[in-house]
Amino acid sequence: MVNQLLAVDEDKVGKARELARRIAQDIQREIDQTTTVSVERTVARLFGIDGTNADGVPLPNVVVDQVDQDGQLHRGIAFWLANAVVALDQPPQEVAQACARGLSLCSLEIQEPGRVSQVMEEYTRRALKAIKKQRDTRTEMKARLGTGPEPLKYVIVASGNIFEDVKQAQAAARHGADIIAVIRTTAQSLLDYVPYGTTTEGFGGTYATQANFRVMREALDEVSEELGRYVQLVNYCSGLCMPEIAAMGALERLDMMLNDAMYGILFRDINMDRTFTDQYFSRMINAYAGIIINTGEDNYLTTADAYEKAHTVLASNFINEQLGLMAGLRQWQLGLGHAFELDPKMPNGFLYELAMAQTIRQIFPNSPLKYMPPTKHMTGDIFLGHVQNAMFNLASVLTGQSIHLLGMLTEAIHTPHIGDRILSIENAHYIMENARDLGREIKFRPDGIVQKRSEDIVNGTVQFLEEIAAVGLKRAISEGFFADVKRPTTGGKGREGVVRKGMDYVNPIMDAMERELGLVSAGEGGQL
Amino acid sequence: MVQQIRPYGDSWGDGQVQLSFTLPLPAGPKAREAANRLVAQMGLENVQIVHEKDLHGFTFFIIYGRCRHSVDLNQLPEVEADEQPMGFEEINAFIQERIGRRIVVVGACTGTDAHTVGLDAIMNMKGYQGEYGLERYPWFETYNLGSQIPNEALLQKAVEVQADAVLVSQVVTQRDIHIKNLTELVELAEAEGLRPRLILVVGGPRIDRRLAAELGFDAGFGVGTTARDVAGFLAKEVARRLERGE
């Protein structure tokens, strides 16, 4: 139950949602016409293809690149794989291995359509069953063990070595962390493949691989049972391999995924069509797998001013919500992001932070909001930094945030040392327990600073969404509406991996998930 | 006159130092003894472990001690005094008068580094800590290439726009990846004959003047740097080079 500490104008919120829905729908119509190499690789993965060729190239890339080079990807990799399964009477993994040795999928004779469909259905059924099994396991463990009280304490491990990460993650969990995120190595978002196997080297983080996911999930299961509290695992469904990472996470029972509709465009200069198409399938998989996504609006405030541009965060929350719903996510899976990034020297800055956090809380009462700590104004003064994080912790518990990424006193110095992480957990534990029910005890004055600021943010958001709706989201991004970053509509990385679907395109996994999630594509008559 | 300098706690010469660290040992007498000895080897005496925390197989310590060592001020090499920095208006006026054209700057986070916070703080219109970024300076022409830029692409852009200076930001320093990136940039600039005509500047939380010089850069800027510091340096350096006919 969300405390109503402020008055939020429901009419304006309704208007903002409607504008966001229109903005998202325009994008969704385009998404429905395209596929990408990463979407197709995801289908290959879910058909059971894993491992690499002799040169270390992942087999999903081998099969998809081959069909793409033959100009036949518009039909969907599922068709070509199923056709080969029928023609060769071998499972997809063996077909992929044969491709690595030189077999050409598009040179095989086209098989009887009924049999090809049957094979597609069979492997789709197996994939969905495997995902469902993990979802059921999570549901069972969460019900049996429980999770910590909200705001859930979320910490990061980032040693580069998955086996070191395991030690630090277990230590943090034993000390009270509820959620462990394994930060990815800095270059991974721009790799157009997912590395294979466990890894022990990385820069600023650890490679996201399916094997690494499994190692960490096992370690957290062990500690969850020991503590009698289900410890959740997070990774990054972003970059050029969004849907593939989603599939891997679904199969290895990750619990949350960083998964934003626009982050890759703005902060990694990835092509718009690529990102929008990839986010759709990745979110659908997350939806199906029961995974909670975390959106990345906090990042806007690292490049744009947190006071002047607060409304861009809320506007983006609305757009991310609509795109998420269109991909089948439910409200409880939408960890919409925002951040505590105001300049600490600003008089009454804390009041403005409360206004922002409480406004978002009341507007999205059923979503597990993701609250990000100060980073931009962390200076290297660890003592002041610890106090800044304390203020952030207080704002979070007071306004009832859900997923609380703990600030590190050594932010801006290094990736967290083991001791830093424990200090920050203790900081949060102390403040959140000490002020546990403060939010139920107070209301902000109707004529006060916090209420006024909240109204300004909501008004600014409606106006901003009107401006975006007038030009369309793509043009808005190209003109620097978000984060003060401008990206050309046809530029960016990964553009060559966008393929227009043919009339005969098939993606049986997407079709089955859309069916089970009750989705009707916006492109087919705009019925959403 | 000998001037011995020690840390100052609450009286001259008390040498009070505070430190904290984690040992990979379970909390207990053994971990405590190990911490004591370690700190003694660091040159501290009267060691007081004021706090220890069991981190499940690790132990976190907060420790105070008296530093036995001291530094003789007379023995220090000449250290550059901090110059009185110029302000926004002053820098622009200086460039107009002494250089007579805009200073062209290309900036990027190079290699695999995706963290643009530092670069943006210096280059973006908005700036940082109330100091406008270089984009706001009428006498600077700036190109912010963003993150994960290969060194080759950075230098190519510098040639294309006839840059006076190249700004490189390096935030991620795990396993000294930044050293490799930065060395490669200098080598590449030298190999292509660009080094003499470019002012190479590096910034980042783990960067300082000395490291920058060691790596072959003209300047290095660390924590707390604002655009004004960088702008002032560039203005003076370009003017100096002009006067020397470089």
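Which residue in E4(B) does Gln18(B) stand opposite? Keep that in mind, everyone, and we'll get there in a moment. Hello, and thanks for coming. One thing before we start: what you see on the screen is a predicted model.

So, let's look at chain B. Here we have an open sheet of three strands, ordered E2-E4-E3, and the pairing is antiparallel. E2 and E3 of chain B stand at the edges with a single partner strand each, so one side of each has no neighbour in the sheet. Ignoring direction, neighbouring strands here are turned by 20 degrees against each other on average.

Now zoom in on E2(B). Eight bridges join E2(B) to strand E4 of chain B, residues 59-67, and the two run antiparallel. And here is the reply to my opening question: Gln18(B) has Tyr64(B) opposite, in E4(B).

Next, the contact between the two chains. Chain B brings 27 residues to the contact, and chain A brings 34 residues. About 2500 Å² is buried between chain B and chain A, with carbon and sulfur atoms giving 56% of that area. The rule finds one salt bridge across this interface. That is where the side chains of Glu426(A) and Lys53(B) meet, at 2.9 Å from N to O. Which elements of chain B give two or more residues to the side that touches chain A? They are strand E2 (16-23) and strand E3 (44-54) of chain B. As for the residues on that side of chain B, nine are nonpolar, 11 are polar and seven are charged. The rule also finds two residue pairs in polar contact across the interface of chain B and chain A.

In general, most residues other than glycine have a negative phi, and most peptide bonds are trans. The peptide bond from Glu150(A) to Pro151(A) is cis, with omega near -10 degrees. You'll find Pro151(A) in the loop between helix H6 (113-145) and strand E2 (152-157) of chain A. Then there is Ala483(A), not a glycine, yet with a positive phi of about 60 degrees. Ala483(A) sits in the loop between helix H19 (473-478) and strand E11 (498-500) of chain A.

Note on methods
Residues numbered from 1 in each chain as written. Chains lettered and ligands numbered in written order. Predicted model: local features only at pLDDT ≥ 70, side-chain atom pairs only at ≥ 80, totals over all residues. Heavy atoms only, no water. Contact = heavy atoms within 4.5 Å. Buried area = accessible area lost by both parts, 1.4 Å probe. Salt bridge = Lys/Arg side-chain N within 4 Å of Asp/Glu carboxyl O. Polar contact = N/O pair within 3.5 Å; in protein donor to acceptor, adjacent residues only side chain to side chain. Helix = DSSP H or I, 4+ residues; strand = E, 2+ residues; numbered from the N terminus. Nonpolar A, V, L, I, M, F, W, Y, C, P; charged D, E, K, R; others polar. Pairing = 2+ DSSP bridges. Axes fitted to C-alpha atoms, helices over the stretch in contact; angles between N-to-C directions.
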